[in-house]
Amino acid sequence: MKQFYKSKSLLRLSFLFVLLFSVITVVNSCKKDDDEDEFTDHVVQFEVKTTTGGVIRAIVTQVGTTKTDIFDPVGTTWASGEFFVNSSQAQLNLDAKADLPDADSELVVNLWIDGEIVRTKKMVGAGPLVASIDYSFLEL
């Protein structure tokens, strides 16, 4: 009976496997690393202010799908404190309602991200006023 694998064909087959393995290894090592996480963490803070004796009545914050309602906070300013938000959360919302006494009274809402104000809204007037801002990490 004839030997199925001769030493020459076995050597050629081994060489082919080593060459194929080497090519695959080089191609994979040269590939751009696309597996990096495209989402990053950001430091976020919500802020609400009133002037000239305004009274904050309600604040609504939303981070992703988590909503928080705050009614009648003490003082003329309110800040959420800094917290981390991953950009995969996509959407941030801040709404505030205040009763303002004078025509030149102001209600100001700010959204801070990484130490900078990225959105602000100022409402001026007397009576109940509402200010809203939103931000999406997915905006281009």
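Contact here means heavy atoms within 4.5 Å. With that in hand, here are some close-ups of a predicted model.

**View A. Phe39 and the residues it touches.** Leaving out residues up to four places away in sequence, Phe39 touches Asn86, Ser87 and Ser88. Phe39 sits in the loop between helix 1 and strand 1. With a relative accessible area of 31%, Phe39 is partly exposed. Gln89 is worth a look here too: Phe39 and Gln89 are 50 residues apart in sequence, yet their C-alpha atoms are 9.2 Å apart in space.

View B. Ser87 belongs to the loop between strand 5 and strand 6. Is Ser87 buried or exposed? Its relative accessibility is 9%, so Ser87 counts as buried. Again skipping residues up to four places away in sequence, Ser87 touches Glu38, Phe39, Thr40, His42 and Phe137. Two of these names turn up in other views: Phe39 is partly exposed, while Phe137, at 16% relative accessibility, counts as buried.

**View C. Phe46 and Phe83, a tilted aromatic pair.** A search of the whole structure turns up two aromatic pairs. In the one shown here, the rings of Phe46 and Phe83 are 5.8 Å apart centre to centre, with 45° between the planes, and the pair is tilted. Phe46 comes from strand 1 (residues 41–50) and Phe83 from strand 5 (residues 83–86), so the pair ties together parts that are 37 residues apart in sequence. As for cover, Phe46 counts as buried at 1% relative accessibility, whereas Phe83 counts as partly exposed at 26%.

**View D. Tyr135 and Phe137, an edge-to-face pair.** Tyr135 and Phe137 form an aromatic pair with 5.3 Å between centres and 85° between planes, which makes it edge-to-face.

**View E. Arg57 between two aspartates.** How many salt bridges does the structure hold? There are five, and this view takes in a network of them that links Arg57, Asp72 and Asp99. Arg57 and Asp72 meet through their side chains at 3.6 Å, N to O. Arg57 is in strand 2 (residues 55–63) and Asp72 is in the loop between strand 3 (66–71) and strand 4 (77–79), so this pair ties together parts that are 15 residues apart in sequence. The side chains of Arg57 and Asp99 also form a salt bridge, this one at 2.7 Å, N to O. That pair links distant parts of the chain, with Arg57 in strand 2 and Asp99 in strand 6 (residues 91–100), 42 residues apart.

**View F. Glu106 and Lys122 across strands 7 and 8.** Glu106 and Lys122 form a salt bridge, and their closest N and O atoms are 3.6 Å apart. Glu106 lies in strand 7 (residues 106–113) and Lys122 in strand 8 (residues 116–124), so to speak a link between distant parts of the chain, 16 residues apart. Glu106 is partly exposed, with a relative accessible area of 23%.

**View G. Two loop residues with positive phi.** Most residues other than glycine have a negative phi. Thr52, in the loop between strand 1 and strand 2, has a positive phi near 45°. Asp114 has a positive phi too, near 55°, and lies in the loop between strand 7 and strand 8. Thr52 is partly exposed at 44% relative accessible area, and Asp114 counts as partly exposed at 43%.

View H. Which residues make the nonpolar surface patch? Leu13, Leu16, Phe17, Leu20 and Ile24 do, and the patch covers about 480 Å². Ile24 is found in helix 1 (residues 7–30). With a relative accessible area of 45%, Ile24 is partly exposed.

Terms used. Residues are numbered from 1 along each chain as its sequence is written. This is a predicted model: local features need pLDDT of at least 70, side-chain atom pairs count only at pLDDT 80 or more; totals for chains, interfaces and linings use all residues. Side-chain values use heavy atoms; hydrogens and water are left out. Patches are made of residues with over 30% relative accessible area and no salt bridge: like charges are joined within 9 Å, nonpolar side chains (Val, Leu, Ile, Met, Phe, Trp, Tyr) within 5 Å. Accessible areas come from the Shrake-Rupley method with a 1.4 Å probe; for residues, only the protein chains shown count as cover. A salt bridge is a side-chain nitrogen of Lys or Arg within 4 Å of a carboxyl oxygen of Asp or Glu. Helices (H or I, at least four residues) and strands (E, at least two) are DSSP runs, numbered from the N terminus. Buried means under 20% relative accessible area, exposed over 50%, partly exposed in between (1.4 Å probe, protein chains only). Rings of Phe, Tyr and Trp (its six-membered ring) pair if their centres lie within 6.5 Å; planes under 30 degrees apart count as stacked, over 60 as edge-to-face and the rest as tilted.
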